[in-house]
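I opened my notebook to record what I could look up in this structure. I went from the whole chain to the details.

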Amino acid sequence: MSTELPLAREPKRARGRQRVASLLDAAAALFVEKGYDATTTAAIAERAGASIGSLYQFFPTKQTIAEALFERYQQHVAAAVRDFVARAPHSSPREIADMLVELMLGLKSHRDVAAALSNAVTEIAERRERARGILRREVVTILKSANPRLTSKQATVAAALIAQMIKSVPAFADEDKSIRSALLAGVREMLTLYITHIVET
(Lines give C-alpha, C1' and ligand atoms only; values in the text may rest on other atoms or scores of the structure.)
Protein backbone atom coordinates (compact mmCIF):
# COMPACT_ATOMS: atom_id res chain seq x y z
CA MET A 1 0.00 0.00 0.00
CA SER A 2 1.25 3.48 -0.80
CA THR A 3 2.44 5.58 2.13
CA GLU A 4 1.22 8.77 0.45
CA LEU A 5 -1.77 10.52 1.94
CA PRO A 6 -4.44 12.33 -0.13
CA LEU A 7 -3.23 15.92 0.31
CA ALA A 8 -3.92 19.08 -1.68
CA ARG A 9 -0.18 19.75 -1.67
CA GLU A 10 2.56 17.28 -0.78
CA PRO A 11 5.06 18.70 1.75
CA LYS A 12 8.58 18.71 0.34
CA ARG A 13 10.52 19.30 3.54
CA ALA A 14 10.63 17.69 6.95
CA ARG A 15 9.04 20.76 8.51
CA GLY A 16 6.07 20.50 6.16
CA ARG A 17 5.66 16.79 6.85
CA GLN A 18 5.72 17.51 10.57
CA ARG A 19 3.07 20.19 10.11
CA VAL A 20 0.82 17.74 8.23
CA ALA A 21 1.30 15.14 10.98
CA SER A 22 0.44 17.72 13.65
CA LEU A 23 -2.70 18.76 11.79
CA LEU A 24 -3.80 15.15 11.39
CA ASP A 25 -3.11 14.38 15.05
CA ALA A 26 -5.12 17.43 16.10
CA ALA A 27 -8.00 16.49 13.80
CA ALA A 28 -7.97 12.90 15.06
CA ALA A 29 -8.20 14.02 18.69
CA LEU A 30 -11.02 16.48 17.98
CA PHE A 31 -13.03 14.06 15.86
CA VAL A 32 -12.94 11.55 18.72
CA GLU A 33 -13.66 14.17 21.40
CA LYS A 34 -16.35 16.23 19.66
CA GLY A 35 -17.40 14.25 16.62
CA TYR A 36 -16.76 14.96 12.96
CA ASP A 37 -19.69 17.32 12.39
CA ALA A 38 -18.97 19.46 15.46
CA THR A 39 -15.28 19.90 14.62
CA THR A 40 -14.27 22.90 12.52
CA THR A 41 -11.12 23.41 10.49
CA ALA A 42 -10.40 26.47 12.64
CA ALA A 43 -10.47 24.31 15.77
CA ILE A 44 -8.12 21.81 14.13
CA ALA A 45 -5.65 24.53 13.19
CA GLU A 46 -5.80 25.99 16.70
CA ARG A 47 -5.23 22.59 18.34
CA ALA A 48 -2.25 21.99 16.05
CA GLY A 49 -0.79 25.44 16.73
CA ALA A 50 -1.05 26.33 13.05
CA SER A 51 -2.70 29.10 11.09
CA ILE A 52 -5.87 28.35 9.16
CA GLY A 53 -4.00 29.32 6.00
CA SER A 54 -1.38 26.68 6.71
CA LEU A 55 -4.10 24.06 7.14
CA TYR A 56 -5.73 24.99 3.83
CA GLN A 57 -2.40 24.67 2.03
CA PHE A 58 -2.57 20.94 2.66
CA PHE A 59 -6.26 20.31 3.29
CA PRO A 60 -8.73 22.52 1.38
CA THR A 61 -11.74 20.93 3.11
CA LYS A 62 -12.56 18.98 6.25
CA GLN A 63 -13.42 16.04 3.99
CA THR A 64 -9.83 15.87 2.73
CA ILE A 65 -8.63 15.73 6.34
CA ALA A 66 -11.02 12.84 6.98
CA GLU A 67 -9.77 11.03 3.89
CA ALA A 68 -6.13 11.48 4.90
CA LEU A 69 -6.85 10.22 8.41
CA PHE A 70 -8.64 7.17 7.09
CA GLU A 71 -5.79 6.45 4.70
CA ARG A 72 -3.40 6.64 7.65
CA TYR A 73 -5.64 4.20 9.53
CA GLN A 74 -5.57 1.78 6.59
CA GLN A 75 -1.79 1.97 6.43
CA HIS A 76 -1.50 1.09 10.12
CA VAL A 77 -3.96 -1.79 9.73
CA ALA A 78 -2.07 -3.16 6.73
CA ALA A 79 1.27 -2.98 8.57
CA ALA A 80 -0.16 -4.68 11.67
CA VAL A 81 -1.75 -7.45 9.62
CA ARG A 82 1.48 -8.03 7.66
CA ASP A 83 3.37 -8.44 10.94
CA PHE A 84 0.72 -10.85 12.26
CA VAL A 85 0.73 -12.91 9.07
CA ALA A 86 4.52 -13.19 9.14
CA ARG A 87 4.60 -14.45 12.74
CA ALA A 88 1.39 -16.45 13.20
CA PRO A 89 2.06 -19.57 11.05
CA HIS A 90 4.87 -20.71 13.36
CA SER A 91 3.17 -19.75 16.62
CA SER A 92 1.19 -21.64 19.25
CA PRO A 93 -2.52 -20.91 19.87
CA ARG A 94 -1.54 -18.90 22.96
CA GLU A 95 0.97 -16.86 20.98
CA ILE A 96 -1.60 -16.21 18.25
CA ALA A 97 -4.10 -15.09 20.90
CA ASP A 98 -1.52 -12.72 22.39
CA MET A 99 -0.68 -11.33 18.95
CA LEU A 100 -4.33 -10.67 18.14
CA VAL A 101 -4.92 -8.85 21.42
CA GLU A 102 -1.76 -6.78 20.99
CA LEU A 103 -2.71 -6.00 17.40
CA MET A 104 -6.07 -4.61 18.52
CA LEU A 105 -4.50 -2.63 21.36
CA GLY A 106 -1.93 -1.18 18.98
CA LEU A 107 -4.62 -0.04 16.56
CA LYS A 108 -6.97 1.31 19.22
CA SER A 109 -6.37 5.03 18.72
CA HIS A 110 -6.61 4.67 14.94
CA ARG A 111 -9.81 2.60 15.25
CA ASP A 112 -11.36 5.27 17.49
CA VAL A 113 -10.76 7.86 14.78
CA ALA A 114 -12.01 5.56 12.02
CA ALA A 115 -15.17 4.91 14.03
CA ALA A 116 -15.77 8.64 14.52
CA LEU A 117 -15.35 9.22 10.79
CA SER A 118 -17.51 6.24 9.84
CA ASN A 119 -20.38 7.63 11.88
CA ALA A 120 -20.39 10.82 9.83
CA VAL A 121 -18.97 10.10 6.37
CA THR A 122 -20.81 7.44 4.35
CA GLU A 123 -17.94 6.76 1.95
CA ILE A 124 -15.55 6.12 4.83
CA ALA A 125 -18.05 3.85 6.57
CA GLU A 126 -18.21 1.72 3.42
CA ARG A 127 -14.42 1.61 3.06
CA ARG A 128 -13.99 0.72 6.73
CA GLU A 129 -16.38 -2.20 6.35
CA ARG A 130 -14.25 -3.54 3.50
CA ALA A 131 -11.05 -3.00 5.51
CA ARG A 132 -12.43 -5.10 8.37
CA GLY A 133 -12.33 -8.15 6.15
CA ILE A 134 -8.55 -8.05 5.67
CA LEU A 135 -7.60 -9.58 9.02
CA ARG A 136 -10.46 -12.07 8.92
CA ARG A 137 -9.33 -13.44 5.55
CA GLU A 138 -5.79 -13.85 6.84
CA VAL A 139 -7.05 -15.68 9.94
CA VAL A 140 -8.96 -18.08 7.66
CA THR A 141 -5.74 -18.83 5.77
CA ILE A 142 -3.74 -19.35 8.98
CA LEU A 143 -6.36 -21.66 10.50
CA LYS A 144 -6.57 -23.79 7.35
CA SER A 145 -2.79 -24.01 7.24
CA ALA A 146 -2.66 -25.10 10.89
CA ASN A 147 -5.45 -27.63 10.37
CA PRO A 148 -5.78 -28.79 6.74
CA ARG A 149 -8.86 -30.81 7.71
CA LEU A 150 -10.89 -27.63 8.15
CA THR A 151 -13.34 -26.86 5.38
CA SER A 152 -13.50 -23.33 4.01
CA LYS A 153 -16.84 -22.86 5.75
CA GLN A 154 -15.47 -24.03 9.11
CA ALA A 155 -12.44 -21.76 8.84
CA THR A 156 -14.61 -18.80 7.81
CA VAL A 157 -16.99 -19.31 10.74
CA ALA A 158 -14.05 -19.67 13.14
CA ALA A 159 -12.44 -16.49 11.83
CA ALA A 160 -15.73 -14.61 12.24
CA LEU A 161 -16.01 -15.77 15.86
CA ILE A 162 -12.40 -14.78 16.53
CA ALA A 163 -13.10 -11.35 15.01
CA GLN A 164 -16.01 -10.89 17.41
CA MET A 165 -13.85 -11.89 20.39
CA ILE A 166 -11.11 -9.39 19.62
CA LYS A 167 -13.64 -6.67 18.85
CA SER A 168 -14.08 -6.21 22.61
CA VAL A 169 -10.38 -5.49 23.20
CA PRO A 170 -10.42 -1.70 22.55
CA ALA A 171 -13.43 -1.24 24.84
CA PHE A 172 -11.80 -3.30 27.59
CA ALA A 173 -8.67 -1.16 27.29
CA ASP A 174 -10.79 1.82 28.38
CA GLU A 175 -12.14 0.08 31.47
CA ASP A 176 -11.07 0.98 35.00
CA LYS A 177 -7.47 0.03 35.69
CA SER A 178 -8.55 -2.28 38.52
CA ILE A 179 -10.25 -4.69 36.10
CA ARG A 180 -8.60 -3.91 32.76
CA SER A 181 -5.87 -6.54 33.04
CA ALA A 182 -8.33 -9.24 34.09
CA LEU A 183 -10.63 -8.46 31.16
CA LEU A 184 -7.81 -8.61 28.62
CA ALA A 185 -6.50 -11.80 30.22
CA GLY A 186 -9.98 -13.27 29.84
CA VAL A 187 -10.03 -12.45 26.13
CA ARG A 188 -6.61 -14.05 25.71
CA GLU A 189 -7.78 -17.18 27.51
CA MET A 190 -10.96 -17.49 25.43
CA LEU A 191 -9.01 -17.01 22.22
CA THR A 192 -6.39 -19.55 23.25
CA LEU A 193 -8.97 -22.19 24.11
CA TYR A 194 -10.98 -21.59 20.95
CA ILE A 195 -7.99 -21.51 18.59
CA THR A 196 -6.62 -24.67 20.22
CA HIS A 197 -9.98 -26.37 19.67
CA ILE A 198 -10.07 -25.30 16.01
CA VAL A 199 -6.55 -26.35 15.08
CA GLU A 200 -6.83 -29.68 16.91
CA THR A 201 -10.31 -30.63 15.65
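This is a predicted model: local features need pLDDT of at least 70, side-chain atom pairs count only at pLDDT 80 or more; totals for chains, interfaces and linings use all residues.

**Surface and overall build**

I began with the surface: the protein exposes about 10,900 Å².

Next I asked how many residues the protein has, and what share of them is buried. The protein has 201 residues, and buried ones make up 43%.

I then looked up the box. Taken along the principal axes, the C-alpha atoms of the protein fill roughly 60 × 40 × 30 Å.

**Helices and strands**

How many helices and how many strands does the protein have? I found 10 helices and 0 strands. Reading along the sequence, I wrote down the pattern α-α-α-α-α-α-α-α-α-α.

I also checked how far apart in sequence the contact partners are. I took contacts between residues at least 6 apart in sequence. Of these, 68% join residues at least 24 apart.

**Domains**

I looked up how the protein is divided. Domain 1 covers 7-60, and domain 2 covers 62-200. Their centres, taken over C-alpha atoms, are separated by 28 Å. The contact between them takes 16 residues from domain 1 and 14 residues from domain 2.

I turned to one helix pair. Two packed helices are described by the angle between their axes and the distance between the axes. I looked up both values.

Helix H4 spans residues 62-87, and helix H5 spans residues 93-106. Their axes come within 11 Å. They cross at roughly 175°. Angles over 145 degrees count as roughly antiparallel, so H4 and H5 are roughly antiparallel to each other.

Which residues make the contact? From H4 I listed Ala80, Val81, Phe84 and Arg87. From H5 I listed Ile96, Met99, Leu100 and Leu103. I sorted the residues of this contact by type: 7 are nonpolar, none is polar and 1 is charged.

**Alanine 78**

Alanine 78 lies in helix H4. Is alanine 78 buried or exposed? Its relative accessibility is 14%. The cut-off for buried is under 20%, so alanine 78 counts as buried.

I also looked up a distance from alanine 78 to threonine 40. The two are 38 residues apart along the chain. Their C-alpha atoms are separated by 29 Å.

Definitions and conventions. Residues are numbered from 1 along each chain as its sequence is written. Side-chain values use heavy atoms; hydrogens and water are left out. Axes are lines fitted to C-alpha atoms, for helices over the stretch in contact, and angles run from 0 to 180 degrees between N-to-C directions. Helices (H or I, at least four residues) and strands (E, at least two) are DSSP runs, numbered from the N terminus. Angles under 35 degrees count as roughly parallel, over 145 as roughly antiparallel, 65 to 115 as roughly perpendicular and the rest as oblique. Contact means heavy atoms within 4.5 Å. Ala, Val, Leu, Ile, Met, Phe, Trp, Tyr, Cys and Pro count as nonpolar, Asp, Glu, Lys and Arg as charged, and the others, Gly among them, as polar. Buried means under 20% relative accessible area, exposed over 50%, partly exposed in between (1.4 Å probe, protein chains only). Accessible areas come from the Shrake-Rupley method with a 1.4 Å probe; for residues, only the protein chains shown count as cover. Domain bounds come from an automatic or database domain assignment.
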